[in-house]
Structure formats: structure tokens, C-alpha cells
Amino acid sequence: MSLPREYYLNLVEFRLQRCIIYSIIRFTNNKSCRDSHEGSMDRGGCTAIIGGSSPPRSQYSVKKYFTQVPKSTLASQSNSQSNKKENTNHSEVSLDSSQKFDLSSLKFDPGERTSILSYHPNHRDVIRRAYLLNGPCQPRLLVQEYPQTYIFGSMRRFNHEWFDDIYHDWLEYSVSKDVVYCLYCYLFKDHNTNQGGGETFSTIGFKSWNKKGGLDKHIGLPNSIHNQSKKKCQDLLQQRRSIQFAFERQSNQLKHEYYMRLSASVDVVRLLISRGFAFRGHDESKSSLSRGNFLEILSWYAKKCDKIHDYVLKHAPINDQMTSPTIQKDIVSACKIETVKVILEELNGDYFALLVDESFDVSRKEQMAIILRYIGRMGFVMERLIVIVHVEDTSASSLKEAIFNLLAQHSLSPSSVRGQCYDGASNMQGEINGHKMLIRRESKSAHSIHCFAHQLQLTLVGVSKKCVEVGKLVVLISNIFNVLGSSFKRMDNL
Ligand SMILES: [Zn+2]
């Protein structure tokens, strides 16, 4: 006797179709129902850490994260308002109890950004700060990869050596539009004035490659619009410094206690991330017997380690516990940023391949996982999961937009893509407007390969259709496992 063929086919498909991606997404979502309820941004963060699981190097010690915390906190404050619904599962960090902003919805290619004035006035400063912290978008392509433009009898193109010139702190290049912008003027220029080239460097874009002097002219005199914008940017960042100064005024003892609390929280977060455990519990009240992994492990840690015992949990000030969900997410975000930074340093601007697949998670949101494949410094092939992005639809153009936004965020050039690996879906493999063709238009050497794991699944299904014996064997093995697995007595007899 045998089960119906449909059962067998579904079984094979179920086990192979989702491959690793589905497991990762399901795993990260199962980590905490409460996390997903409160704003599931950290799913991507946690997963990125798990995917990029290279062991932390000595120079990336715990202490480094402490120096990163103000930046992370500042970036968190930078989130203020969700001007778009897209990527709603990303870095949602509350400005206050009523407002949230999705940092990942910001466009990093200057040619695709929306005007600062289109954002809500209450959110402009935090958005500006986010752009300033990210720095100017300066993708360094090969010289021949910058498009040529016919200008006054000769072909001219952008020269990336300008990034190293005196314009290094504000000059931005848009790969999509082949023009340069000024970061300062984009952020602060008054649109009612025509000084400093009018809207050229803030919204229109400058591409008179034969007139490098136009950049100097844009900077202008000390009181020019550009320099005023630069001063405003510096003032904006100095708000952070004032917080640091306030912190410095605290006594050394308070700083030491704060350091110990943060250190303990970071240690616990790193442990949970490395093991892929959930952070939160369903009942985290003090009377609860199971307060979630984070609090339980921190409590155990405090009992075992005298160094932190007197500084954490009930010994800590109520307003400075360093255990809130927001703090946990901030630390996870810092870990994600640092991990991605290490991966990109290892990549070192070299060529890479893209491995992309998408699937929906338990909350029925379509998630796209992006993996970089490259040759590491030791000469081995490395595959690192960079991020999981929520996409509203799986059309080739929207996937391409999400990927290019990610590459721009990390100053990676689409022209450095040398390989692509996707499943066999038509939106990826289409020969006319498929995702692989859209990427290939940006990089002609981005050769596409049909994912071997997906090929294996198709092969197994195909073989099982043609060869009844193979199908029966798989069903037989499946039945044996079901019979044995349903009884612990049978398992013990093995
Ligand atoms: Zn400017």
C-alpha cells in the first residue's frame, strides 16, 4: 500500500521548496510574538547577525559597542514618522509614544530621495541626522563605468577623484541619474533662494563634468548658502554632543554603573543572538515564573557574576535598567550594523554575487533575503546574509529597487555585481523584464545561475514522477520516520 501521489509530491515540495530562507524567516519570527507585535524591525537585525555569523574579531570587542551606543541611540531618535508604508518591518524606533519612523524607507541614492520639505516638520531634523550619520553617498566605480556625456565636442564623465578633494564631506554621486549633489544643501538649503546654483545641487543635480570650478563656485564665500547649510548640519550634530557633555558631567561612579549595566545587557544580547533564541516572554512581570530569555539569563548572570550583581535589575535605578525592549532592539541594531560593517570590510569593494530569494513569514508578510557571495581575504568563498527586507510586491522592478537601495546604503556599486542566483520564478528568470535582466542592464557581467537547491527540488519532483520506485522509497522512509517518531518507546528501541 502507498499513500496518494499528491501526498508524496506535497511532502517533497514541502521539505525542499522553502530551503534555508524560509527556515530563517520562520525562526526569527518565532523568536518572539511580542517582538513582532511591537514592531518587527529587529527581525531583520537579528537575522542579519545570524546570517553574518563570522566570529567577532578582537578589534570588535564589546567595548566598541559602547562607543557605538550614542550613535545607535541617535539613529533611533532619527526615526520619527513613517512617511511611507513600505518596509514597515524595519528599523521602527519610537521618537515618542505616538510616533514612529522607518529608517530603512529612506533612499540613499541622492537621485531618488524625496525633498526634505515633503516630510513632516517634526521629523525633518531626525531624518537629516540620519543622512548625516550615514555620510554622503559616494559609490566608487571603475572609471569606465561612469556614463559618458557629450559636452562641447568631447565625451566627458564624472571623476570619482573628486570624492577625495575638498568636496569629500558633501559631494554625492547618483548612480541612477549620473549627476552629483550636495548633501548639505539637500538637507538645509532654502528652496526660495537662487544662490549657490539654485536647485542644481539640492534637487536637479550637477553634471557639467567639464566645469569642476562649478563645485568651487557652489561652495562660495564664507557666508554662502552652502556654508550656511554646512553650519546648520554641524549644529544639528552638536545636539548629540551636548548630550554627551551632560553625560560627562556625571560622576565616575555613575558612569561605571551605567557601563556595567550596559555591558551585562550586551553580553546577554550577544548570547541570544548567537544561539538564535527569543528575547521576550509572554509575561515579563516580576511575579512571572518565566520572564523571557533576556531577563531570565540576565538574572542568572547577575547571581553568578559578582561584578555585575550590584548594578543590574533590582539594584539598578528604575529609569536606568538597560533592559527595556527598546534598549534590547537598540543593542541588536548596533550588533547588526557592526556585523554588516565587518562583512563589507572583508568584501573591500571587490566584486560580489547576489543570492536573493523571497518568501512570506508567519505574519504573511513577503520578505526578501539578500546574501552576498564573494571571495574573502583568505581566498575562500564567503556567503553572508546581509539583510531581510520586506517587499510589498514581488515584481522584478520592486525587488530591484529594494536591492539597489541596500547597495547604495552601503556604497556598493551595482556594476560590481558579477553573479546572480535566484529560484526559477518568472519574475526572477524572465528573459525580458525579469529581475536578472534588470540587474544585467546595470552590470553586463552579472551572470545568472538558477539556484542549485531549487534545481534539486525540481529534479526530485521530476524523477519521482518518472520513476515509481524512487517515489515509493521516499514515501517508505517518510512513513518509517512518522511511525518511529510518534512513540518514544519505539525511539528508545532504536
Ligand atoms: Zn552645498
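Q: Why is L133 called partly exposed?

A: The model is a predicted one, in which local features need pLDDT of at least 70, side-chain atom pairs count only at pLDDT 80 or more, and totals for chains, interfaces and linings use all residues. Residues are numbered from 1 along each chain as its sequence is written. L133 has 14 other C-beta atoms within 10 Å, and a residue is buried if 20 or more lie within that distance of its own C-beta, exposed if 12 or fewer, and partly exposed in between, with C-beta atoms placed from the backbone; L133 is therefore partly exposed. L133 belongs to helix 6 (residues 121-134), where helices are DSSP runs of H or I with at least four residues, strands are E runs of at least two, and both are numbered from the N terminus.

Q: How far apart are L133 and L237 in sequence and in space?

A: They are 104 residues apart in sequence, while their C-alpha atoms are 8.6 Å apart.

Q: What makes C182 count as buried?

A: C182, found in strand 6 (residues 179-182), has 28 C-beta neighbours inside 10 Å and therefore counts as buried. Leaving aside residues up to four places away in sequence, C182 touches W170, F201, S202, H218 and H226, a contact being a pair of C-beta atoms, placed from the backbone, that lie within 7 Å. The C-alpha atoms of C182 and H218 are separated by 9.1 Å, although the two residues are 36 apart along the chain.

Q: Why are helix 11 and helix 12 called oblique to each other?

A: Helix 11 (residues 252-275) and helix 12 (residues 293-304) pack at about 125°, with their axes 10 Å apart; axes are lines fitted to C-alpha atoms, for helices over the stretch in contact, and angles run from 0 to 180 degrees between N-to-C directions. Angles under 35 degrees count as roughly parallel, over 145 as roughly antiparallel, 65 to 115 as roughly perpendicular and the rest as oblique, and the pair is therefore oblique. The crossing of helix 11 and helix 12 is right-handed, a term used if the near helix is turned clockwise from the far one by less than a right angle, anticlockwise being left-handed. The contact is made by A264, S265, V268, L271 and L272 of helix 11 and N293, F294, I297, L298 and Y301 of helix 12.

Q: What makes helix 15 oblique to helix 17?

A: The axes of helix 15 (residues 396-409) and helix 17 (residues 435-442) come within 8 Å and cross at roughly 45°, and helix 15 is therefore oblique to helix 17. This crossing of helix 15 and helix 17 is also right-handed. A396, S397, L399 and K400 of helix 15 meet H435, L438 and I439 of helix 17.

Q: How does the span of helix 15 compare with the one expected at 1.5 Å a residue?

A: Helix 15 has 14 residues and reaches 20 Å from its first C-alpha to its last, close to the 20 Å expected, where the expected span is 1.5 Å times one less than the number of residues.

Q: Which residues of helix 15 are buried, and what covers them?

A: The buried residues of helix 15 are A396, L399, A402, I403, F404, L407 and A408. Their cover includes strand 7 (352-360), strand 8 (366-375), strand 9 (381-390), helix 16 (426-429) and helix 17.

Methods. Contact = placed C-beta atoms within 7 Å.
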